[in-house]
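Hello,

Here is the structure for you to look over. My notes come after it.

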Amino acid sequence: MKGLYSALMCSFDEEGNVHEQGLREIVRHNIDASKVDGLYVNGSTGENFLISKEQKKQVFEIVKDEAGQEVKLIAQIGALNIDEAIELAQFATTLGYHAISAVTPFYYKFDFEEIKDYYSTILEQVDNNLIIYSIPALTGVNMDLEQFGELFEHEKVIGVKFTAPDFFLLERIRHAFPNKLIYSGFDEMLLSASVLNVDGAIGSTFNVNGTRARQIFELAQSGQIEEAREIQRVTNDFIAEVSDNGLYQTIKEVLKSKGVNAGSCRKPMKSLTDDGIAKARQIAEKYL
Ligand code: MN9
């Protein structure tokens, strides 16, 4: 399960329906051009929190059908409605997803006991392993080393997608849990996380910038830090321009410039203006 995973984008039509052919093309582009080791499906980048349970199932099915056994598949099933989370986890497991992942429950400021109970309740009913999805900036849920340790005590909790700039905590977790999988979640911090010996990374920009991510990861692993730093710098120039223009919208437009029908984003995400589209095309030409 180690390696680089795209936080998979999803293609939607103008009405907000899943665009099946577009989604298949995004999967193909990730496997054939970005050459990632796996796909992280229905995460933040897949606009998971903006779509219905039925749409989530549709996405799991289409991606599995297109990817087959070519790459590893992780299903993000976290939802505030725990019954939905369990149903999605069972659904993805039956389809053959290699692991499930669930974002820490958010919005109601749950205490740690409640968070722990959320994960154990899901795992009681699902025959699969789970990767915690920790993204404090979006969820407001901050866990410390001890709390990660308590979650890791469950044998089916095999790792964490660590999307936070706290490198002190990341180093402590790495040191304390050498056998758990740690995936770096911020693409702009991939080199720093790789130096701390993470097992892999999951990122939105890998949908289009996967080969640079691989260079950073592999150069860091072989101790070629200066070379890795240069590629991280170019990557960060790219990420800065993409973020400035609208992260997901711009990645979709970049995909379109490669002939991939990446569709639109779901409301309330806005569409790019004509200037934004032109800027996205410039970014694609400059970096990819
Ligand atoms: O899953 C992504 N997180 C979100 C990871 O989109 C919330 C990252 O890949 C970021 O999009 C990326 C840009 O900040 O690092």
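Predicted model: local features only at pLDDT ≥ 70, side-chain atom pairs only at ≥ 80, totals over all residues.

Two elements each give two or more residues to the shell around the ligand: β8 (200-203) and α11 (247-257). In total, 15 residues surround the ligand. The closest are Lys161, Asp187, Glu188, Ser204 and Tyr248.

- Tyr248: 2.6 Å
- Lys161: 2.7 Å
- Asp187: 2.8 Å

How much of the ligand does the protein bury? Taken alone, the ligand exposes 380 Å², and the protein buries 92% of that.

**Helix α6**

Next, helix α6, which spans residues 145-152. Its buried residues are Gln147, Phe148, Gly149, Leu151 and Phe152. Two helices, α4 (112-124) and α7 (167-176), are included in what covers them. So much for helices; the cover also includes the strands β5 (130-134) and β6 (157-162).

What caps the N-terminal end of α6? Asp144 does. A side-chain oxygen of Asp144 lies 3.2 Å from the backbone nitrogen of Glu146.

**Two single residues**

Are Thr104 and Lys72 buried or partly exposed? Thr104 counts as buried, because its relative accessibility is 0% and the cut-off is under 20%. Lys72 has a relative accessible area of 33%, so it is partly exposed, between the 20% and 50% limits.

Thr104 is found in the loop between β4 (99-103) and α4. Leaving aside neighbours within four places in sequence, Thr104 is in contact with Tyr119, Ile132, Tyr133, Thr139, Val141 and Met143.

Lys72 is in strand β3, residues 72-76. Beyond its neighbours within four places in sequence, Lys72 is in contact with Met1, Tyr5, Asp37, Gly38, Leu39 and His98. How far is Lys72 from Ile86 in space? The C-alpha atoms are 21 Å apart, and the two residues are 14 apart in sequence.

Best wishes

Terms used
Residues numbered from 1 in each chain as written. Heavy atoms only, no water. Buried < 20%, exposed > 50% of the residue type's maximum accessible area, 1.4 Å probe, protein only. Helix = DSSP H or I, 4+ residues; strand = E, 2+ residues; numbered from the N terminus. Contact = heavy atoms within 4.5 Å. Polar contact = N/O pair within 3.5 Å; in protein donor to acceptor, adjacent residues only side chain to side chain. Near = heavy atom within 4 Å. Areas by Shrake-Rupley, 256 points an atom, 1.4 Å probe, with all protein chains shown as cover.
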